[in-house]
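Welcome! Here is a friendly walk through a model, in questions and answers.

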Amino acid sequence: MKYTELGLVNTKQMFSDAIANGYAVPAFNIYNMETLSAVLDAARSTHSPVILSVSESALKYMGPDMLIGMVRGANIKPSEQIALHLDHGSCIDACVHAIEIGFSSVMIDASKMPFEENIKISKSVADIAH
């Protein structure tokens with residue numbers, strides 16, 4: 001599923017505007033309906049962009065169908081500037097899976113790998129994500 005079908009935006013757009021206009025974009029970890037709802041309520045009431053950050057363990061806990069169902073049910077509009085981000089993906093496959101189910105941003109954490117391997121893996125994920 002393409003993230004735009006869920007009303008999400010990518011973080012490149014968010015950060016470009018934040019840099020140009022001198023503000024920060026917060027990221028909050030979500031792991032259930034209550035945290036998703038609280039973050040969205042706060043972002044909407046302050047008219048602020050926000051990154052919904054999900055770890056692999058939170059994604060496993062919620063399950064992809066439940067997470068995407070909750071995001072879809074939140075009726076997010078692109079004008080709200082909300083991104084769904086995989087935080088510290090452990091491998092390329094985790095990042096690819098997140099992109100395939102509708103995440104608009106992914107982060108690979110290859111920090112335990114030798115430096116050159118870290119660069120290679122990070123570049124692979126960036127190429128896939130773009």
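Q: Where does Q81 lie?
A: This is a predicted model, and in it Q81 lies in the loop between helix 4 and strand 3.

Q: Why is Q81 called partly exposed?
A: The relative accessible area of Q81 is 26%. Buried means under 20% and exposed means over 50%, so with 26% Q81 falls in between and is called partly exposed.

Q: What makes the phi of Q81 worth a look?
A: Phi of Q81 is near 60 degrees, a positive value in a residue other than glycine. Most residues other than glycine have a negative phi.

Q: Which phi does H47 have, and where is H47 placed?
A: H47 has a phi near 55 degrees, which is positive in a residue other than glycine. You will find H47 in the loop between helix 2 and strand 2.

Q: How do you know whether H47 is buried or exposed?
A: H47 has a relative accessible area of 73%. The cut-off for exposed is over 50%, so H47 is exposed.

Q: What makes the chain as a whole count as compact?
A: The protein chain has 6 helices and 4 strands, and from the N terminus on they run α-β-α-β-α-α-β-α-β-α. Its radius of gyration is 15 Å, close to the 14 Å that the globule rule gives for 130 residues, so the protein chain is as compact as a globular protein of that length. Along its principal axes, the C-alpha trace spans about 45 × 35 × 20 Å.

Q: What share of the residues is buried?
A: Buried residues make up 42% of the 130 residues in the protein chain.

Q: Why is I82 called buried?
A: I82 has 0% relative accessibility. Buried means under 20%, so I82 counts as buried. I82 lies in strand 3. Leaving aside its neighbours within four places in sequence, I82 is in contact with residues including L8, V9, L40 and V50.

Q: How do you know that S105 counts as buried?
A: The relative accessibility of S105 is 11%, and the limit for buried is under 20%, so S105 counts as buried. S105 has its place in strand 4. Beyond its neighbours within four places in sequence, S105 is in contact with T11, L84, H85 and L86.

Q: Why does D127 count as partly exposed?
A: D127 has 47% relative accessibility. Exposed would need over 50%, and buried would need under 20%, so D127 counts as partly exposed. D127 lies in helix 6, residues 115–129.

Q: Why can we say that the buried residues of helix 4 line one face?
A: In helix 4, L67, I68, M70 and V71 are buried. Seen down the helix axis, the buried residues fall within an arc of 155 degrees, so they line one face of helix 4. An α-helix has 3.6 residues a turn, so residues three or four places apart point the same way.

Q: What is on the other side of helix 4, and what covers its buried residues?
A: On the other side, D65 and G73 are exposed. The cover over the buried residues of helix 4 includes helix 2, strand 2, helix 3, strand 3 and helix 5.

Terms used. Residues are numbered from 1 along each chain as its sequence is written. This is a predicted model: local features need pLDDT of at least 70, side-chain atom pairs count only at pLDDT 80 or more; totals for chains, interfaces and linings use all residues. Side-chain values use heavy atoms; hydrogens and water are left out. Helices (H or I, at least four residues) and strands (E, at least two) are DSSP runs, numbered from the N terminus. The radius of gyration is taken over C-alpha atoms; the globule rule is 2.2 Å times the number of residues to the power 0.38. Buried means under 20% relative accessible area, exposed over 50%, partly exposed in between (1.4 Å probe, protein chains only). The arc is that of the directions from the helix axis to the C-beta atoms. Contact means heavy atoms within 4.5 Å.
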